[in-house]
Amino acid sequence: MGDKPERRVAVFGAGYIGLVTGACFAELGHRVVVRDIDPEKVRLLRAGDVPIYEPGLGDLIARNKERLSFTLDLEEALDGAEVAYVCVDTPPSASGDADLSRVWSVVRSLAGAKDLKAVVVKSTVPVGTGSRVRAVLDESGLGHVGYASNPEFTAEGTAVHDFLHPDRVVVGASDETVARLVADLHRGVEGPVVTMDVRSAEMVKLASNALLATKISFINEIATLCEKTGADVTEVAHAVGLDHRLGPHFLRAGIGWGGSCFPKDSEALRQLASNTGYHLQLLSAVIDVNNLQKRRAIQQLNDELGTLAGARVALLGLTFKPGTDDMREAPSTVLASRLLAEGAEVRCWDPMARPGAAEPWASTTRHPTPELAMAGADAAIVVTEWPQLKEVDWAAVAGAMRRPVLYDGRNLLDPAAMRALGFTYMGVGRP
Ligand code: UGA
């Protein structure tokens, strides 16, 4: 391999992870075919469109189009492929464990791939999945093909940058040849490659997300205590984060974490532990605190307004965080449902979200600007810290609302400035 590291890679799954992985590997010089089973997605990608919003991804795909193609066809994906990257989603099953059906369907489809040297799972899976994949490969006549786990740590909104400049690349493999092959695939990436056994690599992924979620729930509990004691959580988090042993990241108090990863992965890790007979007490509390956070916001708003019945409430931001169009497990969904259940009228603004026609969204209205969403409203909730909200003419909004009550669920705005404009301002953990 030494001087000629270009490989032929088949990436399975054209979701957030598969597209970023495929495009970044092409950027690193490899020949990549991304295969998905969704005809519409593949049609869009072939036409030069990107079916998701991820900054920089469209440019990367366009720039590497000579080395990057998209297909529905399994044989086309496997033709000459040396490495198969499994990037399909692993949503929660009815029991809360990860649903691996898509992973199995990809792994079983690999039998007969003549040039394959390694199968790599990037999808987030329970610890121990690698051994089961190994067994399926052996049964499929692919005993000579190596297996590796290569969990991903990219965050939506910065995924391309995170992939190419990672804090670390984790490779779990049972033999050195496949570990080296996967490490070499990442040549050009700016970050250390850490190799280990497969189960440890699988655990690194789940433990990392659980610890990040723990930091957020921890600061959210401190925020509640700040409200009760008159302290300001933004000051507390800033100073706590200056301790280099603790670090400044993931200490932003707010209405809680959402997204396609933390909710699913924390529940999957909890169930993984339960399946071994062990109760992960700390993680269970982390999940509880997160669920409470959104309900507390509605309760506080109810207390301020007297009742939510008949109140007109604007939700500012719907996606689970800014810089993405992803609505999966977005806190906004719980907020909208709770508000509707209390009899409120819900008006929404978001620059990117496509919430679809299902409830609760069918019972809400969409507005093209934050100002229009708030006009005539009794209260507004900052749900997602979109930078556009900093540019709003809040003085005009204060005059246009029926009651200028503002619940800043992301501590985005300056409390003193908002109060000076006439708002009843409520932040998370701010006096
Ligand atoms: C997360 C991890 O950060 C990635 O490392 C991981 O690869 C990814 O999950 C995954 O498993 O695929 P992501 O879900 O894109 O990435 O989003 P984050 O930026 O981590 O934010 C998650 C949630 O936490 C958001 O709802 C965000 O608003 C919230 N958050 C984040 C806070 O409430 N406070 C903070 O201080 C930070």
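Start with helix α11: 11 of its 14 residues are buried, so the rest of the structure largely encloses this helix. Keep in mind that this is a predicted model.

**Stop 1: helix α11**

Select residues 262-275 to bring up α11. Its end C-alpha atoms are 20 Å apart, which agrees with the 20 Å that 14 residues should span at 1.5 Å a residue. Now colour the buried positions. Among them are Phe262, Pro263, Ser266, Leu269 and Leu272. What do the buried residues of α11 pack against? Show α9 (198-229) and α12 (281-305), and you have both partners. Then step just past the end of α11 to Gly277, where phi is positive, about 90 degrees.

Pick Lys264 and Asp265, which form a salt bridge with the closest N and O atoms 3.0 Å apart. Both Asp265 and Lys264 are buried.

**Stop 2: the ligand**

Next, select the ligand. How many residues surround the ligand? There are 20, and the closest are Glu152, Glu156, Lys205, Asn209 and Cys261. Zoom in on Glu152 first. One of its polar side-chain atoms lies 2.7 Å from a ligand oxygen. Turn to Lys321, where an N or O atom of the side chain is 2.9 Å from an oxygen atom of the ligand. Then find Arg410, with a polar side-chain atom 3.3 Å from a ligand oxygen.

**Stop 3: salt bridges around these residues**

Lys205 sits in helix α9 and Glu152 in the loop between β6 (146-149) and α7 (159-164), so the pair ties together parts 53 residues apart in sequence. Are the two residues buried or exposed? Both Lys205 and Glu152 are buried.

Glu385 and Arg410 are both buried. For a joined set, select Arg7, Glu82 and Lys117, which salt bridges with shared partners connect into one network. The whole structure holds 24 salt bridges.

**Stop 4: the nonpolar cores**

Now look at the largest nonpolar core, with 39 residues. Which members touch the most others? Select Val32, Leu57, Leu68, Phe70 and Tyr85. Helix α1 (residues 16-27) gives this core its largest share, 7 residues. Centre on Leu68. Setting aside residues up to four places away in sequence, Leu68 touches Gly22, Ala23, Ala26, Val32, Val34 and Ile61. A second, separate core has 33 residues, including Ala297, Leu315, Leu339 and Tyr407.

**Last stop: Val20**

Finish in helix α1, at Val20. Val20 counts as buried because its relative accessibility is 4%, and the cut-off for buried is under 20%. Beyond its neighbours within four places in sequence, Val20 is in contact with Glu54, Leu57, Ala159, Val160 and Phe163. Draw a distance from Val20 to Val160. Their C-alpha atoms are separated by 6.2 Å, although the two residues are 140 residues apart along the chain.

Methods. Residues are numbered from 1 along each chain as its sequence is written. This is a predicted model: local features need pLDDT of at least 70, side-chain atom pairs count only at pLDDT 80 or more; totals for chains, interfaces and linings use all residues. Side-chain values use heavy atoms; hydrogens and water are left out. A nonpolar core is a set of buried Ala, Val, Leu, Ile, Met, Phe, Trp, Tyr and Cys residues joined through side-chain atoms within 4.5 Å. Buried means under 20% relative accessible area, exposed over 50%, partly exposed in between (1.4 Å probe, protein chains only). Helices (H or I, at least four residues) and strands (E, at least two) are DSSP runs, numbered from the N terminus. Contact means heavy atoms within 4.5 Å. The expected span of a helix is 1.5 Å times one less than its number of residues. A salt bridge is a side-chain nitrogen of Lys or Arg within 4 Å of a carboxyl oxygen of Asp or Glu. A residue is near a molecule or strand if one of its heavy atoms lies within 4 Å of it. A polar contact is a pair of N or O atoms within 3.5 Å; within protein, one must be able to donate a hydrogen and the other to accept it, and residues adjacent in sequence count only if both atoms are side-chain atoms.
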